[in-house]
Amino acid sequence: MSSRTAAPSDTSRPALRSEDYLGFNITRPLTPQQQADRLESNKEAESRSSEWAKFASKRQLPSASRLKKLVRQGGVPAAHRAWVWSEVSGANAMRSDHPSNYFRRLSTSSQASEASIRQIDL
């Protein structure tokens with residue numbers, strides 16, 4: 001009869017949160033493979049986030065080709081989406097070009113043409 005000994009617990013591993021990255025509770029236990037996958041995914045997300053943080057701290061988007069690559073590889077981290085969208089859409093430029101009447105111009109430009117509305121409604 002063979003005796004099995006329990007593997008010592010690995011205290012060097014970071015603790016996993018009980019929610020996923022969107023904040024949903026994880027209600028069932030994860031398999032060891034799922035835990036390893038989550039840890040790897042978390043590391044990759046942290047790496048992507050730190051790369052986006054560099055651009056955000058300078059308030060300057062990367063070159064168009066680099067921006068496209070970053071977005072396609074892993075998307076824009078939630079913490080930086082508002083800033084990136086404002087930059088890419090031109091809202092920040094419009095706000096700085098027209099600081100006194102930005103919101104008035106925004107409200108009048110949002111009155112879409114009939115053709116635009118029909119296209120959206122499709």
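Which residues does His80 touch, not counting residues up to four places away in sequence?

1. Leaving aside residues up to four places away in sequence, His80 touches Ser49, Trp52, Ala53 and Ala56. His80 itself is found in helix H3. Its relative accessibility is 12%, under the 20% limit, so His80 counts as buried.

2. From H1 come Ser49, Trp52, Ala53, Phe55 and Ala56, and from H3 come His80, Trp83 and Val84. By residue type, the contact of H1 with H3 divides into six nonpolar, two polar and no charged.

3. On geometry, two packed helices are described by the angle between their axes and the distance between the axes. Here H1 spans residues 32-58 and H3 spans residues 78-89; their axes come within 10 Å and cross at roughly 40°. H1 and H3 are therefore oblique to each other, and their crossing is left-handed.

4. A friendly word on confidence: please keep in mind that this is a predicted model. The chain has a mean pLDDT of 77, with 70% of its residues at 70 or more.

5. Where pLDDT is low, the predicted coordinates should not be read in detail.

Note on methods:
Residues are numbered from 1 along each chain as its sequence is written. This is a predicted model: local features need pLDDT of at least 70, side-chain atom pairs count only at pLDDT 80 or more; totals for chains, interfaces and linings use all residues. Side-chain values use heavy atoms; hydrogens and water are left out. Axes are lines fitted to C-alpha atoms, for helices over the stretch in contact, and angles run from 0 to 180 degrees between N-to-C directions. Helices (H or I, at least four residues) and strands (E, at least two) are DSSP runs, numbered from the N terminus. Angles under 35 degrees count as roughly parallel, over 145 as roughly antiparallel, 65 to 115 as roughly perpendicular and the rest as oblique. A crossing is left-handed if the near helix is turned anticlockwise from the far one by less than a right angle, and right-handed if clockwise. Contact means heavy atoms within 4.5 Å. Ala, Val, Leu, Ile, Met, Phe, Trp, Tyr, Cys and Pro count as nonpolar, Asp, Glu, Lys and Arg as charged, and the others, Gly among them, as polar. pLDDT is the predictor's confidence in each residue, from 0 to 100. Buried means under 20% relative accessible area, exposed over 50%, partly exposed in between (1.4 Å probe, protein chains only).
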